[in-house]
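User: I'd like to go through the helix packing and the pockets in this one. Can you put it up?
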Amino acid sequence: MPMPVVFPSFAKINLSLEVIGRRPDGYHELRTVFQTIDLCDWLEIDITDEPAISLTCDEPTLACDERNLVVRAARELQAATGVAQGARLHLRKRIPMQAGLGGGSSNAAVTLLALQRLWGVTLPAVTCQRIAAALGRMCRFF
């Protein structure tokens, strides 16, 4: 059985944040400057021949179902590419939850990038940006 592939997902901080307006969907348009910092979660990925996406985490209070951005990112990528493979993902959580460090969005972005590589597919950048934006504003920072 192949070993899982492990990817870091770095925390980020806002160096500057300006609200510049409200979008029709109720979210705000932001102008921001992010900087990654040397704190990261680790995402372990095993590719499977079955299309199922599953997530486990060493942090027991973290939702590992459709509420989690990692699961949503993987499923959106599957839908966009038509990939028949799936993935077992395990998140080693090191970025504090709900601390404003973008851990969830970084994990979703890493999921999009890593699964493209592991599934052998490439989406145009604009498509990745669209998927990331649908997951959350900070997911687009990759």
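Analyst: One definition before the angles: axes are lines fitted to C-alpha atoms, for helices over the stretch in contact, and angles run from 0 to 180 degrees between N-to-C directions. Note too that this is a predicted model.

User: OK. At what angle do helix 2 and helix 3 pack?
Analyst: The angle between helix 2 and helix 3 is about 150°, and their axes are 10 Å apart. Angles over 145 degrees count as roughly antiparallel, so helix 2 is roughly antiparallel to helix 3.

User: Left-handed or right-handed crossing for helix 2 and helix 3?
Analyst: Right-handed.

User: Which residues in helix 2 and helix 3 meet?
Analyst: Helix 2 puts in Ala 108, Leu 112 and Gln 116, and these meet Cys 128, Ile 131, Ala 132 and Leu 135 of helix 3. By class, that contact has six nonpolar residues, one polar and no charged.

User: Next, helix 1 and helix 2. What's the geometry there?
Analyst: Helix 1 covers residues 69-81 and helix 2 covers residues 103-119; they pack at about 35°, with axes 8 Å apart. Helix 1 passes helix 2 in a right-handed crossing.

User: Who makes the contact between helix 1 and helix 2, and what classes are they?
Analyst: From helix 1, the contact uses Leu 69, Val 70, Ala 73, Ala 74, Leu 77 and Gln 78. The helix 2 side includes Gly 104, Ser 105, Asn 107, Ala 108, Leu 112 and Trp 119. By class there are nine nonpolar, six polar and no charged residues.

User: And how do helix 1 and helix 3 cross?
Analyst: Helix 3 is residues 125-135; its axis and that of helix 1 come within 10 Å and cross at roughly 145°. This crossing of helix 1 and helix 3 is right-handed.

User: How many charged residues sit in the contact of helix 1 with helix 3?
Analyst: Two, along with six nonpolar and no polar residues. On helix 1 the contact is made by Leu 69, Arg 72, Ala 73, Glu 76 and Ala 80, and on helix 3 by Ile 131, Ala 134 and Leu 135.

User: Switching topic. How much space is in the largest pocket?
Analyst: About 400 Å³. It is lined by 20 residues, and the closest to the centre are Leu 62, Met 97, Gln 98, Gly 103 and Gly 104.

User: Which elements give two or more residues to that lining?
Analyst: Helix 1 and helix 2. The largest share, three residues, comes from helix 2.

User: And the lining by class?
Analyst: The lining of the largest pocket has 11 nonpolar, seven polar and two charged residues.

Note on methods:
Residues numbered from 1 in each chain as written. Predicted model: local features only at pLDDT ≥ 70, side-chain atom pairs only at ≥ 80, totals over all residues. Heavy atoms only, no water. Helix = DSSP H or I, 4+ residues; strand = E, 2+ residues; numbered from the N terminus. Left-handed = near helix turned anticlockwise from the far one by under 90°. Contact = heavy atoms within 4.5 Å. Nonpolar A, V, L, I, M, F, W, Y, C, P; charged D, E, K, R; others polar. 1 Å grid on protein atoms, 1.4 Å probe; cavity = no way out; pocket = protein on both sides within 12 Å on 5 of 7 lines; lining within 4 Å. Points joined across faces, edges and corners; volume = space filled by probe spheres on them. Parallel < 35°, antiparallel > 145°, perpendicular 65-115°, else oblique.
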